[in-house]
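Here are a few exercises to work through with the model open beside you. Take each task first, then compare your steps with the solution.

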Amino acid sequence: MNKLIEFKNVSKEYKTGALVVKAANQLNFSIDKGELVVILGPSGSGKSTLLNLLGGLDKVSSGEIIIDGENISNFSDKELTQYRANEIGFIFQFYNLIPNLTACENIEIINDVIDKKIDGTEVLTQVGLSEHVNKFPSELSGGEQQRVSIARAISKKPKMLLCDEPTGALDSNTGKLIIELLINLCETENTTVIIVTHNSEFAKVADKVIHIKNGSVESIEIHETPESIDAINW
Ligand code: ADP
Ligand code: MG
């Protein structure tokens with residue numbers, strides 16, 4: 001296996017007035033290329049903080065985050081912008097689509113900031129939305145909107161997909177289809193997929209589960225043979 005991500009003693013403090021919250025406390029773990037990883041922990045345990053640090057949306061207070069041998073903790077704002085634009089696909093609970101752009105336009109808007117040129121229709125077809133290319137987000141169901149956001153995230157062939165509670169706003173059947181899509185992308189494209197959730201059922205399908213509690217890694221579980229999507233009780 002080939003290591004893609006390494007967290008070395010990563011901490012993040014948030015100061016609000018006199019109060020200091022240690023949202024990440026000495027995190028140590030590594031993730032291989034092509035792994036499907038679930039970050040599991042209760043609300044407020046620091047999962048989103050971890051994902052935002054990894055995705056370059058926020059900066060560490062101390063420690064190092066090594067991606068493909070490069071320490072992104074030392075990146076300038078400009079380097080972080082490039083890193084986010086070219087290497088990372090983000091998927092959020094509430095999709096974050098632009099309401100006055102069609103599904104296709106929501107994807108192709110990225111062509112302004114990256115070097116590759118993306119064909120929105122092609123990636124929407126890949127996630128089963130070929131008939132919805134010209135629809136606006138408000139004309140799509142929650143599951144369809146999340147598929148647009150996945151199409152947008154995978155369109156630039158990122159090194160990793162970072163998913164923050166990707167099924168949190170979906171019913172169980174639709175959520176299952178979304179997780180299935182993420183598992184397939186992991187297998188067919190060898191994309192590293194990281195799913196943050198408080199739902200322990202998702203852990204079953206992961207290659208690796210990182211348990212987070214109070215900003216710290218509580219334990220790391222490795223599954224040599226992860227279960228299939230049908231094992232999940234919704
Ligand atoms: P989770 O995603 O597991 O619910 P978060 O990473 O969002 O947890 O939050 C971890 C802790 O850090 C919480 O106590 C939260 O209130 C705090 N926190 C997160 N972001 C900020 C911020 N921008 N400013 C102040 N406190 C924050
Ligand atoms: Mg969160």
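**Exercise 1.** Is Glu 108 buried, partly exposed or exposed?

*Solution.* Before starting, note that this is a predicted model, where local features need pLDDT of at least 70, side-chain atom pairs count only at pLDDT 80 or more, and totals for chains, interfaces and linings use all residues. Residues are numbered from 1 along each chain as its sequence is written, chains are lettered from A and ligands numbered from 1 in the order in which they are written, and side-chain values use heavy atoms, leaving out hydrogens and water.

Step 1: recall the classes, with buried under 20% relative accessible area, exposed over 50% and partly exposed in between (1.4 Å probe, protein chains only).
Step 2: Glu 108 has a relative accessible area of 30%, so this residue is partly exposed.

**Exercise 2.** How are the rings of Phe 75 and Tyr 83 arranged?

*Solution.* Step 1: rings of Phe, Tyr and Trp (its six-membered ring) pair if their centres lie within 6.5 Å; planes under 30 degrees apart count as stacked, over 60 as edge-to-face and the rest as tilted.
Step 2: this rule gives three aromatic pairs.
Step 3: for Phe 75 and Tyr 83 the centres are 6.2 Å apart and the planes stand at 80°, so the pair is edge-to-face. Both residues are buried.

**Exercise 3.** Describe the pair formed by Phe 90 and Phe 92.

*Solution.* Step 1: the pair is stacked, with 5.8 Å centre to centre and 10° between the planes.
Step 2: Phe 90 counts as buried because its relative accessibility is 16%, whereas Phe 92, at 26%, is partly exposed.
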